[in-house]
Amino acid sequence: MKLQRPKLTWWERTYFPAILQGLAITFRHIPRIKKRVTLEYPEVRWELPKKYRGAPVLLTGLDGHEKCTSCKLCQFICPPRAINIVAGETDLAKEKFPREFTIDMGLCIFCGYCQEVCPVEAIWLKDEYELADYDRTRLIYTKEELLARGRKPPYLPGKEKPLTEGDKP
Amino acid sequence: MPLLKIDDQEIEVKAGETVLSAALRCGIAIPYYCYHPALSIAGQCRMCLVEVKGAPKPLTACSTAVTSLPPDKKMDGKYDMVVSTKSEIARKAQRSVLEFLLLNHPLDCPICDQAGECQLQEYSYTYGNSSSRFDFEKIHGPKRVEIGAHVVYDSERCIKCTRCIRFCEEITKTGELTLVERGAHARVDTFPGRKLDNPYSVCTVDICPVGALTSKEFRFKERVWFLQSANSVCPECSRGCSVRYDTYKGDVLRLVPRENPEVNGFWMCDYGRLLSERIKELPRRDRPGIRTEKGWTFYTFEAFWPIFMEKLKKEDLSSPAAIVSGRMTLEEMAAYKLLAGKALGGAAGVALNVASGQDDSLLIRRERRPNLYGARMMGIGVSEENPDVAALLKNKRSALIIREDVVKDAAESQKAALVKALQGLGLLIVADDAFTATAELAHVYIPLTAWHEMEGTTVNFKGHLQKTARAVMPPRNRKPFHDAVSAWLAAAGGQAPEAGFAAWFAEVKKAVPELADKSLRDLLPRGIKLKEAAP
């Protein structure tokens, strides 16, 4: 493909008109006529949209046990394969529980497929977004960590409040 | 020959053949649960209902036989039976039967091990309704019943097809299972005081079309869609059942029989199946090693051979006692023959015939080694049953033991003498896939790939040749014995076929004339029967 370059006049070839145009935009923003779009971040916080997808967490059921039945649908659907589950057998009515449940937050892309696919609403993408760490190994969240994050408010919209650690039967 | 018409297809059938078997033969889809080609016909599940022209109601395809009509009564002038599997009546029957089967089904697919290979899932997707019209509390029954040492039963998932009951009655002829209670409360149970404990009990799990029977060993291990499968052969007796290894992340999780009418039919024994559990317990060493007074030193595969050659210069390996094994594939045996001719002074080698238990009427064989027929074919002598290995070592200064744990397999009375004989050797080389009790006594240990970690060919006691497959990638320093021989002969400065299954299979082809015009493709998936009788 041959690129067609516009024919510039002598005045345009001095570059002054382009520079002046650019400077005009810059000066227009100096008096802060428009509302600012940035925030003074750590002090000022952004009000999150209702369906914001932050870090995934595991939810605790009303019986005080994790809701997850280790069906591994989230592990199957997870596009970057961040979720790893080792299933085990339990005496509870649900028969199957996750012996290990890890999410590698270094891999998670916050797509929310795990939440969508879960048949028992056991995994939920919460509003947490400050997840950086100095050590990659600490980015692999264990089951206990994920459950602890899940017990903190806010709770699943439209669902009753899950039991907190203190209410545990 | 009666002429049958199913949908638009005309099929010539034998008089008395059922509609379902004719349909299966021609690839016409009729859903079924209780029918199994190896079992009697029960007509229990009603899933295979089809519309038969002239019949007042839908009939079960599995139990409706086709017979000849008199010439003047043929339908449409030539057919003896006209069947429709897609008509409105047939479709309605299929949909309704499936609705009944799912009425009290717990729908716990997320925790059910059968999910992914469940006929209920498949048929309700193809033939069923998308939602249930049942608004009441479902009937609950016993769950997690251990009806056998390896089998767990869930009555809520069960559709009462009675395949497992018929299997125990007709195949193993032990008859442990029966159907108790009536109607929707019916469930499979053992007779009081009895357990499902025949040596083929886990086959009931295979033939269970739903998740009612699950294997205790595989229970909750992994969802089936994560499994990677390899079609291979069971190494646990000379039957050599065709099996499928299901693995996940390098672990063998279960062995499942493959259909092979000439070898194992549809079945395999529990002992062979539990190989997946025994594999985990074997002590593995992933690098070749040499033992001196200071203890073991292990090397990488490449670094090992020059050091081993140095050691051989000091030792006498001219006429060693060579104990080979029926656990070796034909390729490894060919490699042994070559090695014996070039480096072992033509030591003939004896394949140990390890035997225990009794032959049974179904599959289990007394000979515990899969490839003894192959050893005879390759010109390797086979010992008498459970020989005294110490006698084989008599007057020998060195020995090479391949894929046999002679110390473990020795009778208790002979064990001490055998250990003493092994310790008295000047040079003991052990090549095995596990670091066994025998390997601990060795001076040189060469790690080999296990049966499920390599490709090979094996011949069962009837002369049926099958190909094994690599289910799991072995660690990089563990090689098949034929690759070790390639490296050995190369290090010794001789000519050797290059490493790898293909090159050594070519060697086997030279030794077995019947294989000359066969390619690997001909051996898959069920193997071929060799005409030549064992010498």
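Two residues are taken to be in contact if their C-beta atoms, placed from the backbone, lie within 7 Å. The structure is a predicted model, in which local features need pLDDT of at least 70 and side-chain atom pairs count only at pLDDT 80 or more, while totals for chains, interfaces and linings use all residues. Residues are numbered from 1 along each chain as its sequence is written, with chains lettered from A and ligands numbered from 1 in the order in which they are written.

The contact between chains A and B draws twelve residues from chain A and seven residues from chain B. On the side of chain A that touches chain B, α3 (73-77) and β2 (83-89) each supply at least two residues; helices (H or I, at least four residues) and strands (E, at least two) are DSSP runs, numbered from the N terminus. The most is given by β2(A), with three residues.

Chain B comprises domain 1 (3-100), domain 2 (136-280) and domain 3 (283-529), with bounds from an automatic or database domain assignment. The centres of domains 1 and 2 of chain B, taken over C-alpha atoms, are separated by 29 Å. Their contact takes nine residues from domain 1 and 13 residues from domain 2.

Within helix α15 (residues 481-491) of chain B, the buried residues include Phe481(B), His482(B), Val485(B) and Trp488(B); a residue is buried if 20 or more other C-beta atoms lie within 10 Å of its own, exposed if 12 or fewer, and partly exposed in between. Among the elements of chain B covering the buried residues of α15(B) are α8 (301-314), β20 (427-432) and α16 (501-511). Gly493(B), which follows α15(B), has a positive phi near 85°.
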